[in-house]
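This report walks through contacts between side chains, with aromatic rings and charged groups taken in turn. Please keep the sequence and the structure in view while reading.

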Amino acid sequence: MGTDRKGPKPVASPASSVAASEILDVDGLPISANSLDYSVPESRKIGVTGAVFLILNKMIGTGIFSTPSGIFASTGSVGVCLLMWAVAGLLTLSGLSVFLEFGLAIPKSGGEKNYLERVYRQPVYLITSVFAVQIVLLGFSAGNSLAFGRYVLLALGYDLPDGWPARAIAVLCISFVVFLHSVLPKWGLRLTNALGVFKVLVLLLIVFSGFAALAGHRRLPDPHNFDDMWSIEKGDGFGGGGAYAYATALLQVVYSYKGWENANYVLGELKHPQRTLSIAAPLAVVGVTILYVLANVAYFAAIPKAELAKSEVIVAGLFFRNMFGESAAARSLPALVALSNIGNVLAVSFTHSRVNQELAKEGVLPGSQFWASIKPFNTPAASLLLHWIVTVIVLVGPPPGPAYNFLVNLYTYPGAWINGLVAGGLIYLRLSKTEEWSSPWRTWLPVIFIYLCLNIFLAITPFIPPNDDWNADGYPYYAFPLVGTGVLGLGAVYWVAWTKVLPRLGGYELVAEKALDESGAEVVRYRKISARIAPSSEGASLLSGTTAGGASADHGSLYGSIEA
């Protein structure tokens with residue numbers, strides 16, 4: 001059952017006693033051969049350069065230009081902040097190594113979905129349901145879109161807090177991105193790559209401006225932030241420290257680094273996926289880590305502590321003002337950050353829509369045939385529409401106020417549980433003799449354990465009450481961990497409804513059938529089989545978790561015969 005085992009290309013399972021026209025999909029419609037055709041033209045596949053920018057565009061988005069304020073406000077210490085950014089970079093590399101080991105062994109689109117299914121096979125379909133609900137409901141682009149709206153207003157001279165004008169611009173932003181990826185996919189990728197180069201240039205501008213500030217070239221007096229840099233600030237604007245403050249600060253740092261796993265979601269659309277991923281991902285993450293630490297040094301060199309702690313999403317805007325004054329050039333620089341934000345929305349929308357499509361192709365989502373469709377533009381327009389719907393709901397749902405930090409934490413928090421399960425699963429695969437796990441990439445076991453501990457810390461500590469006001473950010477401190485955990489629990493509820501309640505009420509059986517995907521690899525498709533029709537023995541055995549021969553069957557075994 002080793003995942004890098006060589007062998008002949010898999011073939012579709014025998015037709016069994018059920019004719020194709022009698023097999024019903026999740027909507028009760030007959031399955032046709034064309035329903036499995038979701039192939040990506042070779043001309044639209046992504047090489048090393050494209051994969052690097054796909055990762056860069058998700059990593060460098062809102063976070064580095066917006067979250068340093070909340071991180072500093074939570075910790076109150078310059079030294080602790082810089083240390084967090086450096087340590088988070090190393091932890092990101094540990095997570096990347098875990099995902100490389102899985103991704104190079106299972107070179108398929110879908111990211112964590114494939115890795116979780118490889119490990120957590122019982123109860124059948126449960127982990128797939130939990131991941132599906134989490135990625136669909138919380139895989140939104142709201143935080144980046146909102147930051148885009150606020151930076152556009154700042155560039156126009158309106159220093160407004162979170163409100164409806166910024167949210168209206170955010171809705172236009174996500175609408176434009178979804179339209180571009182749906183109708184003009186090649187131009188969507190070209191713009192993504194171009195904005196990737198642009199983002200690096202903006203960060204380099206901040207870094208070198210920071211060097212100038214350290215040398216005394218700034219419009220304001222020296223803020224002396226590096227004098228006694230390990231002292232803890234107290235008072236208005238600061239969180240007062242404590243486990244909760246440090247956990248939320250680390251969550252926001254992790255959010256800023258989020259995106260390192262972006263290429264894993266679209267492995268099926270990469271040229272030579274194993275080679276491309278092993279080169280592009282480490283190159284992008286190491287480069288971003290260096291730029292992030294230096295950018296934070298630049299912020300502290302030019303922005304006084306009290307002003308930085310209260311700046312919320314417009315940290316970079318304050319930096320440009322303090323460096324260049326109230327000039328047209330200074331106002332144009334926030335517009336550059338806004339372009340960086342939209343680059344992030346482009347990257348997130350591209351990859352998360354593909355994950356939605358993978359779930360729909362397998363029949364996991366309600367209305368799967370529609371969400372998996374590539375009509376009419378030969379693009380995943382329907383799954384992009386699903387991403388748009390969720391993002392817009394999240395943008396307009398919360399009342400006006402400090403919504404950005406809440407959206408950041410809500411977007412990031414459930415990932416701690418998912419990544420913890422991925423890390424724990426890899427430890428199990430490595431230690432279990434019966435799994436026969438093998439991958440072209442091997443992560444040092446202590447590194448996996450460190451990554452597991454990080455995610456356990458991020459998952460548990462947000463429930464610990466803060467030392468100061470429990471509603472300091474306009475929401476109860478437990479709001480985002482409670483909502484995030486509730487969404488994961490909703491996945492379990494969906495599993496019960498999908499696999500137990502609805503089949504009993506509808507008079508059908510949910511059966512996992514093997515099929516060939518566009519690359520010729522063997523995958524699972526979930527089908528509704530009418531109770532009057534006997535499912536194939538192979539389908540029934542997949543549902544029960546055993547093969548006809550009595551051996552254990554699982555998602556992971558499907559990947560065992562894929563050629564590297």
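## Two neighbouring rings

Phe319 and Phe320 are both buried, and this description, like everything that follows, rests on a predicted model. The ring centres of Phe319 and Phe320 lie 5.9 Å apart and their planes meet at 65 degrees, so the pair is edge-to-face, given that planes over 60 degrees apart are placed in that class.

## Aromatic pairs and a cluster

The count of aromatic pairs in the model comes to 18. One of them brings together Trp85 and Tyr257, whose ring centres are 6.0 Å apart and whose planes stand at 45 degrees, so that this pair is classed as tilted.

## Charges over rings

Aromatic rings also meet charged groups in this model: the charged end of Arg167 sits over the ring of Trp164, at 5.1 Å from the ring centre. In another such contact, the charged end of Arg190 is placed over the ring of Trp187, 4.7 Å from its centre.

## Salt bridges

The structure holds 8 salt bridges. Among them is the one between Glu261 and Lys258, in which the closest N and O atoms are 3.3 Å apart, and both of these residues are buried. Another joins Glu307 to Arg321, with the closest N and O atoms 2.2 Å apart. This second bridge links distant parts of the chain, as Glu307 lies in helix α12 (residues 305-309) and Arg321 in helix α13 (residues 315-324), 14 residues apart. Glu307 is partly exposed, with a relative accessible area of 25%, and Arg321 counts as partly exposed at 29% relative accessibility.

A further salt bridge forms where the side chains of Lys361 and Glu358 meet, at 2.9 Å from N to O. Both residues lie in helix α14 (residues 328-361), 3 residues apart, which is about one turn of the helix. Lys361 has 5% relative accessibility and Glu358 has 11%, so each counts as buried. Elsewhere, salt bridges with shared partners connect Arg118, Arg121 and Glu435 in one network.

Methods. Residues are numbered from 1 along each chain as its sequence is written. This is a predicted model: local features need pLDDT of at least 70, side-chain atom pairs count only at pLDDT 80 or more; totals for chains, interfaces and linings use all residues. Side-chain values use heavy atoms; hydrogens and water are left out. Rings of Phe, Tyr and Trp (its six-membered ring) pair if their centres lie within 6.5 Å; planes under 30 degrees apart count as stacked, over 60 as edge-to-face and the rest as tilted. Buried means under 20% relative accessible area, exposed over 50%, partly exposed in between (1.4 Å probe, protein chains only). A charge sits over a ring if NZ of Lys or CZ of Arg is within 6 Å of the ring centre and within 35 degrees of the ring normal. A salt bridge is a side-chain nitrogen of Lys or Arg within 4 Å of a carboxyl oxygen of Asp or Glu. Helices (H or I, at least four residues) and strands (E, at least two) are DSSP runs, numbered from the N terminus.
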